[in-house]
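Colleague: I would like to learn how to read the features of a model like this one. Could we take them one at a time, with the general idea before the case?

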Amino acid sequence: ADILDDYLRTDGVWILTRNKQFYQTNNEKECAEKCEAERNFTCRAFLFTRKKLQCLTLAENAKMTVMFASTDAVLYEKRIYLLQCKRGIGKDYRGTEARTQRGIPCQKWAEKIPHKPNYTPEKHPNAGLEENYCRNPDGDESGPWCYTTDPAIRYDYCDIPECEEQCMQCNGEDYHGEVSRTESGLECQRWDAQEPHMHGFTLKHYPGKDLKMNYCRNPDGELRPWCFTTSLNKRWEYCNITRCPTRPSVSGLGSQCLSGKGEDYRGSIAITESGNACQHWNTQFPHKHGWIPDRYPCKGLEKNYCRNPDGEKKPWCYTINSSVRWEYCTIPPCDGTEQGIAGMNDVPIHVPLTEECYRGKGQSYRGTTSITASGKKCQAWNSMFPHRHEKTPDRFPDADLRDNYCRNPDGDNSPWCFTTDPSTLWEYCNLKRCDDHTQE
């Protein structure tokens with residue numbers, strides 16, 4: 001496997017870090033090798049500059065320090081240090097949880113008070129025994145643990161959530177796990193290969209679908225993740241990925257009016273534009289179909305309500321008229337407050353409702369503009385795709401980080417947002433300063 005597959009890449013950013021080492025390398029792979037071989041500290045990430053061919057190995061990643069834009073730089077962060085969940089018994093857990101399941105702070109692994117440890121950084125240099133973070137150096141079946149700071153309790157287990165990356169939500173459209181075999185056991189073909197099967201599912205054509213390595217993915221709205229196989233006799237096959245036990249959290253109840261193509265419409269209109277009543281989604285009469293509610297749990301296929309599960313131009317339904325298979329429905333638009341753009345991502349572009357300008361640096365701006373100065377659409381603040389970041393609503397509760405509206409949570413020069421363009425991390429927004437001449 002490519003050494004860079006173990007890293008998360010972010011273009012055009014720099015992070016401030018105290019602990020770093022400079023190297024001169026020819027490419028990113030050589031820089032990754034320096035990070036793997038780093039002995040001065042635990043290397044969690046590296047920065048590579050294309051022009052100077054300069055490599056900086058870093059003790060911190062973007063979760064631990066400040067990140068800002070830098071045109072020529074590329075940041076690579078080790079994926080293992082970004083996971084805040086455990087896989088299996090958590091022997092490779094490298095997160096930063098430092099309290100036990102009872103809430104007792106952990107003792108530092110290098111300290112001998114109040115408990116003299118059997119497991120120390122010196123004895124187990126590859127076990128990640130840093131600070132007082134929960135770890136599992138002995139492969140305990142109950143998962144990560146730590147020595148506690150309570151003299152009466154030598155050690156305790158930590159409450160680390162299970163990683164759900166090997167299960168899928170909905171139909172696996174957002175599945176980013178590493179399963180790479182089909183349900184019959186065939187090995188998957190790499191997405192960037194055209195042998196043994198030629199295809200059009202490339203990063204260029206599907207930039208936001210995480211088509212990397214030979215991992216199972218669902219870039220085209222299939223029933224569940226799939227892949228092309230390495231067998232000449234089988235072009236493609238579904239992968240056997242279980243559905244996650246918990247349903248994804250859905251913000252709000254869905255739209256009651258038509259926004260964009262109406263994929264988020266969850267109203268109760270059940271009649272077509274020509275007046276035909278809709279057929280219930282869970283029935284196969286008078287029309288047989290594949291849109292079965294149990295198969296598509298996140299499409300809102302309730303009763304016989306008009307829906308848009310397949311990205312049609314607007315909501316539709318099968319009709320109870322045996323001579324008319326399906327028709328579009330007439331859904332009232334959202335009064336001009338929202339306009340969806342066909343072919344864009346799920347986050348709607350909102351027409352500004354109140355403020356079309358900002359005062360000062362725009363930290364008080366609460367308008368609904370969600371377009372950058374160059375015309376790119378903003379990424380939702382609570383989303384980690386296509387860009388992972390720390391500017392989340394729970395970390396900045398007073399910044400009103402709603403939906404994908406332009407905001408200024410960190411005191412920048414003006415309101416900005418992360419963009420839905422995978423190649424552009426963030427940009428200032430398409431907003432003017434209010435020219436009201438009032439004293440700021």
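**Pockets, cavities and the chain around them**

Modeller: The second largest pocket has a lining of 19 residues, and those nearest its centre are Met67, Phe68, Lys391, Asp410 and Trp416. The model is a predicted one, in which local features need pLDDT of at least 70 and side-chain atom pairs count only at pLDDT 80 or more, while totals for chains, interfaces and linings use all residues. Residues are numbered from 1 along each chain as its sequence is written, and side-chain values use heavy atoms, with hydrogens and water left out.

Colleague: What separates a pocket from a cavity?

Modeller: Both are found on a 1 Å grid over the protein atoms alone: a cavity is a set of points where a 1.4 Å probe fits but cannot get out, and a pocket is an open set with protein on both sides within 12 Å along at least five of seven lines. Lining residues have an atom within 4 Å of a point. Grid points are joined across faces, edges and corners, and a volume is the space filled by probe spheres set on the points. The second largest pocket comes to about 340 Å³.

Colleague: Which strands each supply at least two residues of that pocket's lining?

Modeller: They are β5 and β15 (416-418). The largest share, four residues, comes from β5. Helices (H or I, at least four residues) and strands (E, at least two) are DSSP runs, numbered from the N terminus. The protein has one helix and 17 strands.

Colleague: How does the lining of the second largest pocket divide by class?

Modeller: Ala, Val, Leu, Ile, Met, Phe, Trp, Tyr, Cys and Pro count as nonpolar, Asp, Glu, Lys and Arg as charged, and the others, Gly among them, as polar. The lining has 10 nonpolar, two polar and seven charged residues.

Colleague: How many cavities of 30 Å³ or more are there?

Modeller: The count is one. The largest cavity has a volume of about 40 Å³, and its lining consists of Ile80, Leu83, Cys85, Lys86, Arg87, Asp92, Tyr93 and Arg94. Four of these lining residues are nonpolar, none polar and four charged.

Colleague: Now the helix. Which residues of α1 are buried?

Modeller: Buried means under 20% relative accessible area, exposed over 50%, and partly exposed in between (1.4 Å probe, protein chains only). In α1 (residues 28-37) the buried residues are Glu28, Cys31, Ala32 and Cys35. They lie on the same side of α1 because they cover an arc of only 105 degrees around the axis, the arc being that of the directions from the helix axis to the C-beta atoms. Their cover includes β1 (7-15), β3 (45-49), β4 (54-58) and β5 (67-78). At the start of α1, a side-chain oxygen of Asn27 comes within 3.2 Å of the backbone nitrogen of Lys29.

Colleague: Where is Gln84, and what is it in contact with?

Modeller: Contact means heavy atoms within 4.5 Å. Gln84 is in the loop between β5 and β6 (145-147). Leaving aside neighbours within four places in sequence, Gln84 is in contact with Lys63, Tyr93, Gly95, Thr96, Ile160 and Pro161. Gln84 counts as partly exposed because its relative accessibility is 32%.

Colleague: Is Thr120 buried or exposed?

Modeller: Thr120 counts as buried, at 13% relative accessibility. Thr120 also lies in the loop between β5 and β6. Not counting residues up to four places away in sequence, Thr120 touches Trp109 and Leu129.

Colleague: What should I look for in the backbone angles?

Modeller: Most residues other than glycine have a negative phi, and most peptide bonds are trans. Here a cis peptide bond joins Ile113 and Pro114, with omega about 5 degrees, and Pro114 is in the loop between β5 and β6. Another cis bond joins Glu195 and Pro196, with omega about 0 degrees; Pro196 is in the loop between β7 (155-157) and β8 (226-228).

Colleague: Which residues have a positive phi although they are not glycine?

Modeller: Leu53 is one of them, at about 55 degrees, in the loop between β3 and β4. Asp403 has a positive phi of about 45 degrees and sits in the loop between β14 (357-358) and β15. Leu53 is partly exposed at 30% relative accessibility, and Asp403 is partly exposed with a relative accessible area of 42%.

Definitions and conventions
Polar contact = N/O pair within 3.5 Å; in protein donor to acceptor, adjacent residues only side chain to side chain.
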